[in-house]
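Me: I have a chain on screen and some labels to check. Please set each label against its rule.

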Amino acid sequence: MIIALVVLLLLCPCLGLAGWAIWRAADGDGGAAPAASASASAPVLPPALPSDAPSPSADEDEDEFAKGDCVVNDGTEDDAELRKVPCAPGAYQVLLRIPATTDGDRCETLAPQATANYVHDNSIDLFDYVLCLKKQ
């Protein structure tokens, strides 16, 4: 009985550590290799100037942003309201979408070429995400 207890106590932390390592590896592969960044944190998305770009069509899901989409901020710096637009100078291109997090600093390592980030904080943590953005 004592031997079984010792084996169990040694096995549980090992399995937990292996599960954590797998979770971190799956969470970190956003298509970009992690790299150290000595730059200051990415600036907050500034408001965009009004433009005459067409608004998205009604069948597009305006709340879903994916890698490669371009967006402008129709809100303020503190209360951003992103809107999809055709990619053009002045728009921000989504380099990476990091699901289930509100840590905007992750863009520094996962998408070092990002010049800004957008944090979507939902009341349900599973629906949180960060967009790593690059000004066009």
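Reply: Start with exposure. Buried means under 20% relative accessible area, exposed means over 50%, and partly exposed lies in between (1.4 Å probe, protein chains only). This is a predicted model; local features need pLDDT of at least 70, side-chain atom pairs count only at pLDDT 80 or more, and totals for chains, interfaces and linings use all residues. Residues are numbered from 1 along each chain as its sequence is written, and side-chain values use heavy atoms, with hydrogens and water left out.

Me: Why is Arg97 called partly exposed?

Reply: Its relative accessible area is 26%.

Me: What makes Arg97 and Glu64 a salt bridge?

Reply: The rule asks for a side-chain nitrogen of Lys or Arg within 4 Å of a carboxyl oxygen of Asp or Glu. The N to O distance for Arg97 and Glu64 is 3.7 Å. So the pair qualifies. The two residues sit in distant parts of the chain, 33 residues apart: Arg97 in strand β3 (residues 92-99), Glu64 in the loop between α1 (2-28) and β1 (70-73). Helices (H or I, at least four residues) and strands (E, at least two) are DSSP runs, numbered from the N terminus.

Me: Why do Arg83 and Asp74 count as a salt bridge?

Reply: The closest N and O atoms of Arg83 and Asp74 are 2.6 Å apart. The limit is 4 Å, so this pair passes. By this rule the count comes to three salt bridges.

Me: Are Arg83 and Asp74 buried or partly exposed, and why?

Reply: Arg83 has 17% relative accessibility, so it is buried. Asp74 has 47%, so it is partly exposed.

Me: What is the overall layout of the protein chain?

Reply: The protein chain has two helices and five strands. Along the sequence they follow the pattern α-β-β-β-α-β-β. Of its 136 residues, 29% count as buried.
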